[in-house]
Amino acid sequence: MKRMVEASLALLDNAPRAAQRPRLSRAAQLHLIETLSRWSASGLAIVAGVAIFICVAVARDLELRSLIWIGLVFAALVYCRTRRKDFRHGARIASHPFRWRAEYTSALSVLSAAVGSGGLLLAPAAPSLAATEIVALLTIAILSAGLLHAAHARAAAAMILPGFAFLIA
């Protein structure tokens, strides 16, 4: 019995491992963090532009709801922009790029949730055509910003998934 167990363990040890992706080197990861910090400004600008456009052009009849929603979005945008600016300008967090990436990614998920909540706050009260426009514009903004954060897959997912969860709801 003992020999059978040893033989089966030996077979398991010699079995080919599941295909694992090779890990990126530290230099490659730092390059991707630099790319993320460089391209993220465009993603944040798209979100800000679409949010302003929705409040001014599409949901102009829903003043209080628009004001609450734009407050949520811009609070998250300011935080994300501050994180990005501190890293790009060499503040103390710049010496910890992996910590910055983690903090920025979590801030992106909050921003995405705030942007996606526009579908819940604005669309139900708007006429059907305006609701369709709101959801379409928010979808475009979330996807565009997610693509501009594609240097880090988790940052892109943090930008896309929470927003789409709100839009689907």
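Trainee: By class, how many nonpolar, polar and charged residues does the lining of the largest pocket have?

Mentor: The lining of the largest pocket has five nonpolar, two polar and four charged residues. (Ala, Val, Leu, Ile, Met, Phe, Trp, Tyr, Cys and Pro count as nonpolar; Asp, Glu, Lys and Arg as charged; the others, Gly among them, as polar.) This is a predicted model: local features need pLDDT of at least 70, side-chain atom pairs count only at 80 or more, and totals for chains, interfaces and linings use all residues. Residues are numbered from 1 along each chain as its sequence is written, and side-chain values use heavy atoms, without hydrogens and water.

Now find the lining. Start with Arg21, Pro22, Arg23 and Leu24, which are among the lining residues. Gln29, Leu32 and Arg101 also belong to this lining. So do Ala151, His152, Ala153 and Arg154. A pocket here is an open set of points on a 1 Å grid over the protein atoms alone, where a 1.4 Å probe fits, with protein on both sides within 12 Å along at least five of seven lines; lining residues have an atom within 4 Å of a point. The space in the largest pocket is about 440 Å³, counted as the space filled by probe spheres set on the points.

Two helices each supply at least two lining residues: H2 (26-58) and H6 (153-168). Helices are DSSP runs (H or I, at least four residues), numbered from the N terminus. The chain has six helices and zero strands.

Follow H2. It has 33 residues and reaches 46 Å from its first C-alpha to its last, close to the 48 Å expected at 1.5 Å a residue. At Trp39, H2 bends by about 35 degrees, the angle between axes fitted to the seven residues ending there and the seven starting there.

H3 gives the most to its lining, with six residues. Among the lining residues are Ala41, Leu44, Phe74, Leu77 and Arg81. This lining has seven nonpolar, no polar and three charged residues.

Last, the core. The largest nonpolar core has 40 residues. Val47, Ile54, Trp69, Val73, Leu108, Leu111 and Ile134 have the most contacts inside it. H2 gives the most to this core, with 10 residues.

Definitions and conventions. Expected span 1.5 Å × (residues − 1). Core = buried A, V, L, I, M, F, W, Y, C linked by side-chain atoms within 4.5 Å. Buried < 20%, exposed > 50% of the residue type's maximum accessible area, 1.4 Å probe, protein only.
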